Amino acid sequence: MSELVARTGRLQQRYEGGCRLVAGCIPYRFRDYCEDDNANSAKVVELLMINSPSGPGLLFPKGGWENDETAEEAAVREAIEEAGVRGDLMDFIGYYEFKSKTHQDDCCPEGLCKAAMYALFVKEELELWPERSTRTRSWLTMSEAVESCRHKWMEEALKDFSTWLAKM
């Protein structure tokens, strides 16, 4: 098996209206839950979050959307590179604008970003993935994920994800 490698650099980065375009996902799975070993167990949603090498709090996988891929392809790629998971991209959750303190460049000196976020139903956790040396994965309940979110915009995406999930 050849080892997966993360894309790096900004040569193919997309920009629109002064914003760097990024794509990401909220990886999730279902777990059976039963308090008393009753046969009537409920399904509990668990969300996968990753640590940030640049500070406290947890994140959903996301990164630059490049000009040779769709937003969906970028979201799937970021899930593999940063979190080491594969699955089915289910639906578009929404666009979220934020300001990046670490990604300012000539095309976007103020660090403005616009993220396209998707729901990703996880089917496989990889043992080896490109950013495994700098990222750890954590499966969390919805309430734990809200408490652990590093960024306000990711909390908003999580609320929209929760609304989408309730409609399924």
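This is a guided tour of the structure above, from the whole chain down to single residues.

**Before selecting anything**

The model is predicted, and local features are described where pLDDT is at least 70, side-chain atom pairs count only at pLDDT 80 or more, and totals for chains, interfaces and linings use all residues. Residues are numbered from 1 along each chain as its sequence is written, and side-chain values use heavy atoms, with hydrogens and water left out.

**The whole protein**

Begin with a cartoon view, in which you can look for 3 helices and 8 strands, where helices (H or I, at least four residues) and strands (E, at least two) are DSSP runs numbered from the N terminus. Following the chain along its sequence gives the order β-β-β-β-β-α-β-β-β-α-α. Of the 168 residues in the protein, 45% are buried, a word that stands for under 20% relative accessible area, while exposed stands for over 50% and partly exposed for what lies in between (1.4 Å probe, protein chains only). If you count contacts (heavy atoms within 4.5 Å) between residues at least 6 apart in sequence, 69% of them join residues at least 24 apart.

**The nonpolar cores**

Next, select Tyr28, Leu47, Phe60, Leu158 and Phe161, which have the most contacts inside the largest nonpolar core, a group of 36 residues. Such a core is a set of buried Ala, Val, Leu, Ile, Met, Phe, Trp, Tyr and Cys residues joined through side-chain atoms within 4.5 Å. Helix 3 (residues 152–167) gives this core its largest share, 7 residues. Centre the view on Leu158, and, not counting residues up to four places away in sequence, you will find that Leu158 touches Ile26, Leu47, Phe60, Met142, Ala145, Val146 and Cys149.

**Strands 3 and 4**

Now select residues 42–52, which form strand 3, together with residues 55–59, which form strand 4 and pair with strand 3 in the antiparallel sense over 3 bridges; for two strands to pair, DSSP must find at least two bridges between them. A hairpin through 2 residues joins strand 3 to strand 4, and across the pair Asn51 stands opposite Leu58. Ser52, in strand 3, is buried, with a relative accessible area of 9%. The side chains of Ser52 and Ser54 are joined by a polar contact of 3.0 Å, that is, a pair of N or O atoms within 3.5 Å, of which, within protein, one must be able to donate a hydrogen and the other to accept it, residues adjacent in sequence counting only if both atoms are side-chain atoms. Leaving aside neighbours within four places in sequence, Ser52 is in contact with Gly57, Leu59, Arg135 and Arg150.

Move on to helix 1 (residues 71–83), whose 13 residues reach 17 Å from the first C-alpha to the last, close to the 18 Å expected at 1.5 Å a residue, the expected span being 1.5 Å times one less than the number of residues. Helix 1 is mostly covered, with 10 of its 13 residues buried, among them Ala75, Ile80, Glu81 and Ala83. Just after helix 1, Gly84 takes a positive phi of about 65°.

Finally, select Glu131 in the loop between strand 7 (112–125) and strand 8 (137–140). Glu131 is buried, at 18% relative accessible area, and its C-alpha atom is separated by 5.9 Å from that of Glu81, 50 residues apart along the chain. Pro130 is found in the loop between strand 7 and strand 8 as well, and counts as partly exposed at 22% relative accessibility.
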